[in-house]
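Subject: Structure handover

Dear colleague,

Please find below the structure for your records.

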Amino acid sequence: MPRLWKWEAQVARPMSWSTALYDGLLELKPRSEPTLFGELDRSRRRFVTVDESVWRRYQKEITGLLDRYRLEWNNPPCLLPGGEDAKTRDDANRIYDEMDAFGVSRFGEPPIAIGGGVLHDVFGLVASEYRRGVSWNFIGTTLVAAVDSMFALKCGVSEGWKNRAGLYHPARSSMTDARFFATLEPHRISDGFGEIIKVAVAGEPALFRLLEEHGPRVAEERFQAADDASQEILSRSISWMMRELKRNPFEHETARASYLGHNISPGIEPIVTHGHAVALDIAWTSMIAWRRGLIGRFVRDRILRLIRSLGLDVWHPAMADTQRLVAALSDTARHRGGQQRIPTPTRVGRVTYLGDVTTDELRRAVEDQHQWESGDLRSDTAKEGGRR
């Protein structure tokens with residue numbers, strides 16, 4: 001008779017991370033923030049990786065900050081080119097090799113990454129694999145990084161589809177400063193607003209109203225005006241995202257409001273940047289919601305007008321490749337355990353989840369987007385339900 005011995009173990013791995021919004025981050029001194037880069041009594045050695053464009057603009061300021069903390073760091077730092085093209089296994093391996101040559105201890109020497117969302121994702125993957133995981137710090141220098149990737153647990157590289165290979169390894173401490181945004185191109189500001197709109201539509205109606213009233217001005221000023229609206233837009237976006245991630249850090253619950261704008265967008269991103277793709281995806285789900293009677297014209301048009309007012313598109317020629325969008329939605333469903341779970345607005349600040357969007361419905365919503373963009377969409381061909 002067969003015999004069996006079996007042992008089981010169940011453990012909980014503690015995980016903590018923090019994020020901060022500074023005014024004057026690159027001017028900080030050890031007296032005001034002594035643990036900015038970890039406990040320095042143990043070791044002052046820090047491996048540093050910086051986005052190439054950030055290093056060109058802020059080399060003097062970054063060097064001054066690290067030297068004020070009397071860090072023993074790799075000067076010049078490891079440099080990574082910006083953009084999605086750098087989110088590859090080869091780039092991750094190059095950072096890994098330089099980190100290994102520098103020699104990072106498993107404990108007490110958290111490396112530092114300074115740049116945008118791409119650098120966050122790639123460096124986070126390296127930090128997670130090096131010696132089976134070392135703590136790390138991140139300084140986000142783009143608006144997308146500040147309101148989305150900066151404090152995300154997820155990191156990885158793109159293999160085939162975006163972010164196909166990766167895991168969860170958040171930075172010990174992540175931080176940003178709106179002063180970085182002063183040097184961003186207008187399209188990079190708009191890109192960040194795609195993620196901010198996501199937060200507003202998915203769960204922050206007060207933020208939505210702020211964006212309607214102040215968003216275009218704040219975007220034009222690149223958050224540099226010393227007014228409450230600029231700070232509140234940033235703080236509300238960060239706070240909501242932090243709550244969402246804290247509640248469901250490992251995405252075990254796949255009905256997530258923060259998935260708004262992340263359904264067909266992977267099929268658009270090779271052509272447009274991340275925030276722009278998110279905005280197009282939000283416009284797409286808003287059209288589906290309108291056709292189904294989940295929202296009326298008033299809510300639909302508020303969302304679409306807000307998208308356009310912040311320099312983003314409601315429709316883009318990249319969406320003409322329907323098969324690419326169908327493939328993206330199919331892959332999204334696989335990522336969510338076989339179900340679409342598409343967050344869809346039912347009012348400003350609230351979503352429901354759809355699991356039965358067909359190819360015909362997908363195509364019709366894209367056509368509606370195109371017609372709305374050109375001013376030809378008839379409003380009497382859908383139900384007029386939904387709330388404001």
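This is a predicted model: local features need pLDDT of at least 70, side-chain atom pairs count only at pLDDT 80 or more; totals for chains, interfaces and linings use all residues.

Strand β7 itself spans residues 137-140 and is covered on both faces. N137 and I139 are buried on one side, while F138 and G140 are buried on the other. This arrangement may be read against a general rule: in a regular strand the side chains alternate between the two faces of the sheet.

Strand β7 also pairs with strand β6 (residues 112-115), again in the parallel sense and over 4 bridges. Within this pairing, G140 of β7 is the bridge partner of G115. Between the two strands the chain passes from β6 through helix α3 (residues 117-129) to β7, and this β-α-β crossover is right-handed.

On the matter of the sheet as a whole, 6 strands form an open sheet with parallel pairing, in the order β1-β10-β7-β6-β3-β5. Strands β1 (18-22) and β5 (78-80) stand at the edges with a single partner strand each, so one side of each has no neighbour in the sheet. On average, neighbouring strands are turned by 15° against each other, direction ignored.

Further along the sheet, strand β3 (residues 48-51) runs parallel to β6 and is joined to it by 3 bridges. One of the paired positions is T49, whose bridge partner in β6 is A113. Helix α1 (residues 52-68) packs on the sheet, where it touches β3, β5, β6 and β7, and its direction makes about 140° with that of β3. Helix α2 (residues 89-102) likewise packs on the sheet; α2 touches β3 and β5, and its direction makes about 170° with that of β5.

As general background, nonpolar side chains tend to be buried together in soluble globular proteins.

Which residues is F193 in contact with, leaving aside its neighbours within four places in sequence? The contacts of F193 are L143, L211, G215, V218, A219, F223, I233, L310 and L312.

Yours sincerely

How values were computed. Residues are numbered from 1 along each chain as its sequence is written. Side-chain values use heavy atoms; hydrogens and water are left out. Contact means heavy atoms within 4.5 Å. Buried means under 20% relative accessible area, exposed over 50%, partly exposed in between (1.4 Å probe, protein chains only). Two strands pair if DSSP finds at least two bridges between them. A crossover is right-handed if, with the strands pointing away from the viewer, the path from the first strand over the helix to the second runs clockwise. Axes are lines fitted to C-alpha atoms, for helices over the stretch in contact, and angles run from 0 to 180 degrees between N-to-C directions.
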